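Visitor: I would like to learn how to read a protein model. Please take me through a few features.

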Amino acid sequence: MRDSGRLIIEDGDADTAAIAAYEATRRDAVRRGLAAGGAVIGAALVPALLSVRNAFAAAPQGDAAIVASAIRLENTAVAAYAAAVNSGVLTPQFRRTAVLFGRQEAAHAAALTAALRGLGGAPPAGTDAKLLSPLKRARSQRQVAQFAIELENMVVAAYFDASKKLQQGRLLQTTAQIMSNEGQHLAVLRQALGTDPVPNAFENGKAST
Amino acid sequence: MEFERFALDPISRRRFFRASGVATAGGSAAFLAACGSGSGDTRNETAAAADIAVLNSAIDLENTAIAAYTAGAPLLKGEVLRLGREFLGQEKEHADALSTAVTQLGGHPSRPKAAYDFPRVRTQRDVLLLANMIEHEAIAAYLDALPKLSSTDLRAMAASIVTNEAEHVSVLLGALGRPQVPTAFVAGKA
(Lines give C-alpha, C1' and ligand atoms only; values in the text may rest on other atoms or scores of the structure.)
Protein backbone atom coordinates (compact mmCIF):
# COMPACT_ATOMS: atom_id res chain seq x y z
CA MET A 1 0.00 0.00 0.00
CA ARG A 2 1.29 3.50 -0.73
CA ASP A 3 0.25 7.08 -0.50
CA SER A 4 1.59 10.10 -2.35
CA GLY A 5 4.87 8.63 -3.52
CA ARG A 6 5.95 7.10 -0.26
CA LEU A 7 5.66 3.53 0.80
CA ILE A 8 3.47 2.79 3.78
CA ILE A 9 5.06 0.15 5.89
CA GLU A 10 2.47 -2.08 7.43
CA ASP A 11 2.13 -5.26 9.36
CA GLY A 12 2.47 -8.55 7.53
CA ASP A 13 4.65 -9.90 4.79
CA ALA A 14 6.64 -7.61 2.54
CA ASP A 15 4.53 -6.57 -0.41
CA THR A 16 6.78 -6.64 -3.43
CA ALA A 17 4.08 -5.10 -5.62
CA ALA A 18 3.94 -2.07 -3.35
CA ILE A 19 7.72 -1.79 -3.40
CA ALA A 20 7.77 -2.03 -7.17
CA ALA A 21 5.10 0.65 -7.37
CA TYR A 22 7.14 2.88 -5.09
CA GLU A 23 10.25 2.39 -7.21
CA ALA A 24 8.32 3.11 -10.38
CA THR A 25 6.95 6.32 -8.93
CA ARG A 26 10.39 7.40 -7.83
CA ARG A 27 11.97 6.63 -11.18
CA ASP A 28 9.16 8.43 -12.92
CA ALA A 29 9.73 11.46 -10.73
CA VAL A 30 13.41 11.40 -11.59
CA ARG A 31 12.66 11.15 -15.31
CA ARG A 32 10.34 14.11 -15.18
CA GLY A 33 12.71 16.06 -12.96
CA LEU A 34 9.95 16.78 -10.45
CA ALA A 35 12.22 16.55 -7.50
CA ALA A 36 14.85 18.84 -9.01
CA GLY A 37 18.36 18.49 -7.59
CA GLY A 38 17.45 15.96 -4.95
CA ALA A 39 15.83 13.48 -7.30
CA VAL A 40 18.88 11.37 -8.01
CA ILE A 41 19.72 11.17 -4.35
CA GLY A 42 16.10 10.39 -3.46
CA ALA A 43 15.89 7.59 -6.01
CA ALA A 44 19.09 6.08 -4.72
CA LEU A 45 17.45 5.62 -1.34
CA VAL A 46 15.14 2.93 -2.64
CA PRO A 47 17.50 0.11 -1.57
CA ALA A 48 17.50 1.52 1.95
CA LEU A 49 13.76 1.78 1.87
CA LEU A 50 13.62 -1.87 0.95
CA SER A 51 15.74 -2.75 3.93
CA VAL A 52 13.52 -0.66 6.20
CA ARG A 53 10.48 -2.27 4.71
CA ASN A 54 11.93 -5.69 5.27
CA ALA A 55 13.04 -4.83 8.76
CA PHE A 56 9.77 -3.47 10.08
CA ALA A 57 7.19 -5.23 7.95
CA ALA A 58 8.55 -8.65 7.14
CA ALA A 59 10.84 -9.24 10.08
CA PRO A 60 9.78 -11.63 12.78
CA GLN A 61 7.44 -9.91 15.18
CA GLY A 62 8.65 -9.13 18.64
CA ASP A 63 10.34 -6.28 20.45
CA ALA A 64 13.88 -7.63 20.06
CA ALA A 65 13.59 -7.93 16.27
CA ILE A 66 12.18 -4.41 15.97
CA VAL A 67 14.89 -2.93 18.19
CA ALA A 68 17.60 -4.76 16.23
CA SER A 69 16.24 -3.26 13.00
CA ALA A 70 16.16 0.18 14.57
CA ILE A 71 19.79 -0.12 15.67
CA ARG A 72 20.89 -0.88 12.12
CA LEU A 73 18.91 2.08 10.88
CA GLU A 74 20.45 4.37 13.50
CA ASN A 75 23.94 3.11 12.65
CA THR A 76 23.24 3.90 9.01
CA ALA A 77 22.14 7.40 9.99
CA VAL A 78 25.35 7.86 12.01
CA ALA A 79 27.40 6.87 8.96
CA ALA A 80 25.31 9.14 6.71
CA TYR A 81 25.90 12.20 8.87
CA ALA A 82 29.60 11.36 9.10
CA ALA A 83 29.72 11.22 5.30
CA ALA A 84 27.84 14.52 5.14
CA VAL A 85 30.30 16.14 7.53
CA ASN A 86 33.17 14.97 5.32
CA SER A 87 31.47 15.87 2.03
CA GLY A 88 33.32 19.14 1.74
CA VAL A 89 30.23 21.00 0.56
CA LEU A 90 28.79 22.16 3.89
CA THR A 91 29.05 25.60 5.42
CA PRO A 92 30.60 25.63 8.89
CA GLN A 93 27.16 26.18 10.48
CA PHE A 94 25.50 23.31 8.60
CA ARG A 95 28.52 21.15 9.30
CA ARG A 96 28.05 21.74 13.05
CA THR A 97 24.40 20.76 12.67
CA ALA A 98 25.37 17.54 10.89
CA VAL A 99 27.89 16.75 13.63
CA LEU A 100 25.20 17.26 16.28
CA PHE A 101 22.63 15.16 14.45
CA GLY A 102 25.16 12.36 13.95
CA ARG A 103 26.00 12.44 17.64
CA GLN A 104 22.31 12.20 18.52
CA GLU A 105 21.81 9.24 16.16
CA ALA A 106 24.73 7.54 17.92
CA ALA A 107 23.05 8.17 21.28
CA HIS A 108 19.90 6.52 19.94
CA ALA A 109 21.90 3.52 18.75
CA ALA A 110 23.59 3.21 22.14
CA ALA A 111 20.30 3.35 24.06
CA LEU A 112 18.67 0.84 21.75
CA THR A 113 21.70 -1.45 22.01
CA ALA A 114 21.40 -1.40 25.79
CA ALA A 115 17.69 -2.15 25.49
CA LEU A 116 18.32 -5.03 23.12
CA ARG A 117 20.92 -6.55 25.43
CA GLY A 118 18.32 -6.26 28.20
CA LEU A 119 16.01 -8.32 26.03
CA GLY A 120 18.71 -10.92 25.59
CA GLY A 121 19.47 -10.02 21.99
CA ALA A 122 22.75 -9.37 20.21
CA PRO A 123 23.06 -5.96 18.52
CA PRO A 124 23.55 -6.06 14.74
CA ALA A 125 26.70 -4.65 13.20
CA GLY A 126 27.17 -2.67 10.03
CA THR A 127 25.26 -0.22 7.93
CA ASP A 128 23.54 -0.14 4.59
CA ALA A 129 26.44 0.83 2.33
CA LYS A 130 24.15 1.32 -0.66
CA LEU A 131 22.35 4.02 1.23
CA LEU A 132 25.50 6.04 1.64
CA SER A 133 26.73 5.92 -1.94
CA PRO A 134 24.55 8.83 -3.17
CA LEU A 135 26.25 11.13 -0.69
CA LYS A 136 29.53 10.67 -2.59
CA ARG A 137 27.82 12.28 -5.56
CA ALA A 138 26.43 15.22 -3.59
CA ARG A 139 27.73 18.45 -5.10
CA SER A 140 25.97 20.96 -2.91
CA GLN A 141 24.77 21.51 0.62
CA ARG A 142 21.24 21.51 -0.74
CA GLN A 143 21.67 17.96 -2.06
CA VAL A 144 23.07 16.82 1.26
CA ALA A 145 20.10 18.37 3.09
CA GLN A 146 17.66 16.71 0.70
CA PHE A 147 19.36 13.38 1.27
CA ALA A 148 19.13 13.88 5.03
CA ILE A 149 15.42 14.70 4.78
CA GLU A 150 14.75 11.50 2.82
CA LEU A 151 16.70 9.54 5.40
CA GLU A 152 15.02 11.15 8.41
CA ASN A 153 11.59 10.60 6.86
CA MET A 154 12.37 6.91 6.53
CA VAL A 155 13.55 6.70 10.11
CA VAL A 156 10.44 8.49 11.38
CA ALA A 157 8.24 6.18 9.28
CA ALA A 158 10.02 3.16 10.73
CA TYR A 159 9.44 4.33 14.31
CA PHE A 160 5.83 5.18 13.49
CA ASP A 161 5.30 1.59 12.35
CA ALA A 162 7.19 0.30 15.36
CA SER A 163 4.78 2.19 17.64
CA LYS A 164 2.05 -0.18 16.48
CA LYS A 165 4.07 -3.27 17.29
CA LEU A 166 6.19 -2.78 20.38
CA GLN A 167 4.84 -4.52 23.43
CA GLN A 168 6.99 -3.11 26.24
CA GLY A 169 5.73 0.26 27.43
CA ARG A 170 9.21 1.51 28.24
CA LEU A 171 10.48 0.70 24.76
CA LEU A 172 7.47 2.37 23.25
CA GLN A 173 8.29 5.55 25.16
CA THR A 174 11.98 5.43 24.26
CA THR A 175 11.28 5.00 20.56
CA ALA A 176 8.71 7.83 20.68
CA GLN A 177 11.35 10.07 22.28
CA ILE A 178 13.72 9.13 19.47
CA MET A 179 11.04 9.57 16.78
CA SER A 180 10.38 13.05 18.18
CA ASN A 181 14.07 13.89 17.97
CA GLU A 182 14.16 12.72 14.33
CA GLY A 183 11.13 14.95 13.71
CA GLN A 184 13.12 17.86 15.13
CA HIS A 185 15.96 17.04 12.74
CA LEU A 186 13.41 17.17 9.92
CA ALA A 187 12.11 20.57 11.03
CA VAL A 188 15.63 22.03 11.08
CA LEU A 189 16.57 20.48 7.73
CA ARG A 190 13.36 21.76 6.10
CA GLN A 191 14.11 25.23 7.43
CA ALA A 192 17.61 24.97 6.00
CA LEU A 193 16.03 24.31 2.60
CA GLY A 194 13.62 27.21 3.02
CA THR A 195 10.54 24.99 3.10
CA ASP A 196 7.77 24.73 5.68
CA PRO A 197 9.43 23.23 8.78
CA VAL A 198 6.28 21.52 10.06
CA PRO A 199 4.01 20.76 7.11
CA ASN A 200 1.98 17.94 8.70
CA ALA A 201 -0.09 17.89 11.89
CA PHE A 202 0.59 14.16 12.20
CA GLU A 203 4.26 13.43 11.60
CA ASN A 204 4.62 9.86 10.40
CA GLY A 205 7.47 10.32 7.94
CA LYS A 206 5.27 9.37 5.06
CA ALA A 207 4.06 12.69 3.73
CA SER A 208 5.93 14.42 0.95
CA THR A 209 8.60 16.88 1.94
CA MET B 1 11.06 39.07 32.13
CA GLU B 2 8.02 38.64 34.36
CA PHE B 3 6.71 35.85 32.16
CA GLU B 4 10.15 34.20 31.93
CA ARG B 5 10.22 33.92 35.74
CA PHE B 6 6.80 32.29 35.64
CA ALA B 7 7.84 29.82 32.92
CA LEU B 8 10.89 28.76 34.91
CA ASP B 9 8.95 28.13 38.13
CA PRO B 10 7.65 24.52 38.29
CA ILE B 11 5.05 25.31 40.97
CA SER B 12 3.56 28.16 38.95
CA ARG B 13 3.50 25.95 35.87
CA ARG B 14 1.77 23.11 37.69
CA ARG B 15 -0.81 25.51 39.13
CA PHE B 16 -1.44 26.93 35.67
CA PHE B 17 -2.02 23.55 34.03
CA ARG B 18 -4.26 22.40 36.86
CA ALA B 19 -6.34 25.55 36.50
CA SER B 20 -6.56 24.83 32.76
CA GLY B 21 -8.19 21.49 33.48
CA VAL B 22 -5.09 19.54 32.52
CA ALA B 23 -4.21 16.49 34.58
CA THR B 24 -0.50 16.53 33.92
CA ALA B 25 1.40 13.58 32.50
CA GLY B 26 -1.46 11.59 31.11
CA GLY B 27 -4.03 11.79 33.89
CA SER B 28 -4.15 8.05 34.14
CA ALA B 29 -5.93 7.39 37.43
CA ALA B 30 -8.83 5.94 35.49
CA PHE B 31 -6.43 3.65 33.68
CA LEU B 32 -4.95 2.32 36.88
CA ALA B 33 -8.41 1.71 38.25
CA ALA B 34 -9.27 -0.14 35.08
CA CYS B 35 -6.35 -2.50 35.17
CA GLY B 36 -7.98 -5.19 37.30
CA SER B 37 -8.64 -8.58 35.89
CA GLY B 38 -11.87 -9.44 34.18
CA SER B 39 -12.95 -11.28 31.15
CA GLY B 40 -14.22 -10.58 27.67
CA ASP B 41 -16.56 -7.63 27.47
CA THR B 42 -15.62 -6.33 30.89
CA ARG B 43 -11.98 -5.99 29.86
CA ASN B 44 -12.97 -4.28 26.62
CA GLU B 45 -15.18 -1.82 28.45
CA THR B 46 -12.57 -0.98 31.04
CA ALA B 47 -9.94 -0.60 28.32
CA ALA B 48 -12.23 1.76 26.42
CA ALA B 49 -12.92 3.76 29.58
CA ALA B 50 -9.20 4.03 30.24
CA ASP B 51 -8.52 5.12 26.66
CA ILE B 52 -11.24 7.76 26.91
CA ALA B 53 -9.72 9.18 30.11
CA VAL B 54 -6.24 9.36 28.58
CA LEU B 55 -7.50 10.86 25.33
CA ASN B 56 -9.60 13.47 27.14
CA SER B 57 -6.52 14.57 29.09
CA ALA B 58 -4.76 15.02 25.75
CA ILE B 59 -7.71 17.02 24.42
CA ASP B 60 -7.48 19.32 27.47
CA LEU B 61 -3.84 20.02 26.62
CA GLU B 62 -4.60 20.56 22.95
CA ASN B 63 -7.37 23.01 23.90
CA THR B 64 -4.94 24.84 26.16
CA ALA B 65 -2.47 25.10 23.28
CA ILE B 66 -5.23 26.28 20.93
CA ALA B 67 -6.23 28.99 23.40
CA ALA B 68 -2.59 30.07 23.86
CA TYR B 69 -1.81 30.33 20.14
CA THR B 70 -5.11 32.17 19.60
CA ALA B 71 -4.51 34.62 22.46
CA GLY B 72 -0.89 35.19 21.47
CA ALA B 73 -1.41 35.74 17.74
CA PRO B 74 -1.89 39.53 17.99
CA LEU B 75 1.61 39.83 19.44
CA LEU B 76 3.28 37.81 16.68
CA LYS B 77 4.74 39.28 13.51
CA GLY B 78 5.88 38.18 10.08
CA GLU B 79 7.11 34.61 9.71
CA VAL B 80 6.54 33.89 13.41
CA LEU B 81 2.89 34.88 12.99
CA ARG B 82 2.57 32.61 9.96
CA LEU B 83 4.06 29.70 11.88
CA GLY B 84 1.92 30.46 14.94
CA ARG B 85 -1.20 30.28 12.81
CA GLU B 86 -0.01 27.05 11.22
CA PHE B 87 0.71 25.48 14.62
CA LEU B 88 -2.72 26.62 15.84
CA GLY B 89 -4.32 24.83 12.90
CA GLN B 90 -2.34 21.68 13.66
CA GLU B 91 -3.36 21.71 17.34
CA LYS B 92 -6.97 21.95 16.17
CA GLU B 93 -6.40 18.93 13.91
CA HIS B 94 -5.06 17.00 16.91
CA ALA B 95 -8.05 17.98 19.06
CA ASP B 96 -10.45 16.97 16.28
CA ALA B 97 -8.79 13.59 15.76
CA LEU B 98 -8.69 12.88 19.50
CA SER B 99 -12.34 13.93 19.88
CA THR B 100 -13.34 11.61 17.05
CA ALA B 101 -11.48 8.76 18.76
CA VAL B 102 -13.26 9.43 22.07
CA THR B 103 -16.64 9.48 20.32
CA GLN B 104 -15.85 6.22 18.52
CA LEU B 105 -15.05 4.66 21.89
CA GLY B 106 -18.48 5.69 23.15
CA GLY B 107 -17.28 8.60 25.28
CA HIS B 108 -17.83 12.34 25.37
CA PRO B 109 -14.87 14.43 24.20
CA SER B 110 -13.59 16.99 26.67
CA ARG B 111 -14.75 20.50 25.78
CA PRO B 112 -12.64 23.65 25.83
CA LYS B 113 -12.90 25.71 29.00
CA ALA B 114 -14.85 28.96 28.83
CA ALA B 115 -11.69 30.87 29.76
CA TYR B 116 -8.00 30.17 30.34
CA ASP B 117 -6.15 32.06 33.01
CA PHE B 118 -2.89 32.58 31.13
CA PRO B 119 -0.09 34.55 32.73
CA ARG B 120 0.21 38.02 31.22
CA VAL B 121 2.09 38.04 27.92
CA ARG B 122 3.30 41.37 26.57
CA THR B 123 5.72 40.53 23.79
CA GLN B 124 6.28 38.05 20.98
CA ARG B 125 8.97 36.48 23.14
CA ASP B 126 6.46 35.90 25.95
CA VAL B 127 4.09 34.17 23.51
CA LEU B 128 6.90 31.95 22.24
CA LEU B 129 7.84 31.03 25.82
CA LEU B 130 4.21 30.27 26.71
CA ALA B 131 3.79 28.11 23.61
CA ASN B 132 7.07 26.35 24.32
CA MET B 133 5.95 25.61 27.89
CA ILE B 134 2.62 24.14 26.77
CA GLU B 135 4.24 22.11 23.97
CA HIS B 136 6.70 20.62 26.48
CA GLU B 137 3.84 19.69 28.80
CA ALA B 138 2.00 18.09 25.89
CA ILE B 139 5.04 16.05 24.87
CA ALA B 140 5.51 14.73 28.41
CA ALA B 141 1.81 13.87 28.61
CA TYR B 142 1.75 12.01 25.29
CA LEU B 143 4.86 10.02 26.21
CA ASP B 144 3.25 9.07 29.49
CA ALA B 145 0.00 8.16 27.75
CA LEU B 146 1.49 6.03 24.96
CA PRO B 147 1.79 2.68 26.76
CA LYS B 148 -1.54 3.21 28.47
CA LEU B 149 -3.50 3.30 25.23
CA SER B 150 -4.93 -0.10 24.42
CA SER B 151 -5.07 -0.02 20.63
CA THR B 152 -2.20 0.10 18.16
CA ASP B 153 -3.95 2.75 16.07
CA LEU B 154 -4.31 5.07 19.05
CA ARG B 155 -0.65 4.53 19.96
CA ALA B 156 0.43 5.35 16.42
CA MET B 157 -1.72 8.48 16.40
CA ALA B 158 -0.21 9.59 19.71
CA ALA B 159 3.31 8.93 18.37
CA SER B 160 2.65 11.03 15.27
CA ILE B 161 1.18 13.87 17.37
CA VAL B 162 4.03 13.92 19.89
CA THR B 163 6.53 14.08 17.02
CA ASN B 164 4.63 17.02 15.54
CA GLU B 165 4.69 18.79 18.94
CA ALA B 166 8.45 18.17 19.11
CA GLU B 167 8.81 19.80 15.69
CA HIS B 168 6.86 22.80 17.00
CA VAL B 169 9.30 23.02 19.91
CA SER B 170 12.28 23.05 17.54
CA VAL B 171 10.83 25.94 15.56
CA LEU B 172 9.84 27.86 18.71
CA LEU B 173 13.33 27.40 20.17
CA GLY B 174 14.83 28.66 16.93
CA ALA B 175 12.61 31.75 17.06
CA LEU B 176 13.78 32.31 20.64
CA GLY B 177 17.40 32.13 19.49
CA ARG B 178 18.05 28.91 21.39
CA PRO B 179 19.50 25.58 20.20
CA GLN B 180 16.74 23.90 18.22
CA VAL B 181 17.55 20.26 18.98
CA PRO B 182 19.05 20.29 22.46
CA THR B 183 18.59 16.64 23.38
CA ALA B 184 18.75 13.30 21.55
CA PHE B 185 15.67 12.08 23.46
CA VAL B 186 12.75 14.45 23.51
CA ALA B 187 11.17 14.00 26.93
CA GLY B 188 9.14 17.17 27.16
CA LYS B 189 10.50 18.12 30.56
CA ALA B 190 11.13 21.83 30.97
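Visitor: What should I know before starting?

Guide: This is a predicted model, so local features need pLDDT of at least 70 and side-chain atom pairs count only at pLDDT 80 or more, while totals for chains, interfaces and linings use all residues. Residues are numbered from 1 along each chain as its sequence is written, chains are lettered from A and ligands numbered from 1 in the order in which they are written, and side-chain values use heavy atoms, with hydrogens and water left out.

Visitor: At roughly what angle do the axes of H7(A) and H8(A) cross?

Guide: First, the terms. Helices are DSSP runs of H or I with at least four residues, numbered from the N terminus. Axes are lines fitted to C-alpha atoms over the stretch in contact, and angles run from 0 to 180 degrees between N-to-C directions. Here, helix H7 (residues 141-162) and helix H8 (residues 169-192) of chain A cross at roughly 155°, and their axes come within 9 Å. The two are therefore roughly antiparallel, a label for angles over 145 degrees.

Visitor: Which residues of H7(A) and H8(A) make the contact?

Guide: Contact means heavy atoms within 4.5 Å. H7(A) brings residues including A:Ala148, A:Val155 and A:Tyr159. Ala, Val, Leu, Ile, Met, Phe, Trp, Tyr, Cys and Pro count as nonpolar; Asp, Glu, Lys and Arg are charged; the others, Gly among them, are polar.

Visitor: How does H4(A) pack with H7(A)?

Guide: Helix H4 (residues 63-85) of chain A lies at about 170° to H7(A), with the axes 11 Å apart. That makes this pair roughly antiparallel. Among the residues that meet are A:Leu73 and A:Ala77 in H4(A), and A:Leu151 and A:Val155 in H7(A). The contact divides into 15 nonpolar, no polar and two charged residues.

Visitor: How much area do chain B and chain A bury between them?

Guide: The size of an interface is often given as the accessible area lost when the parts come together. That loss uses a 1.4 Å probe and is summed over both parts. Chain B and chain A bury about 2,900 Å², 63% of it on carbon and sulfur atoms. In this contact, 36 residues of chain B touch 36 residues of chain A. B:Glu167, B:Val181 and B:Phe185 supply 23% of the area chain B buries, more than any other three residues.

Visitor: How many salt bridges are there between chain B and chain A?

Guide: A salt bridge is a side-chain nitrogen of Lys or Arg within 4 Å of a carboxyl oxygen of Asp or Glu. The count between these chains is one. B:Glu167 pairs with A:Arg190, 3.6 Å from N to O. A:Arg190 also bridges to A:Glu203, at 3.1 Å. A:Arg190 sits in helix H8 of chain A, and A:Glu203 in the segment after H8, 13 residues apart.

Methods
Parallel < 35°, antiparallel > 145°, perpendicular 65-115°, else oblique. Buried area = accessible area lost by both parts, 1.4 Å probe.
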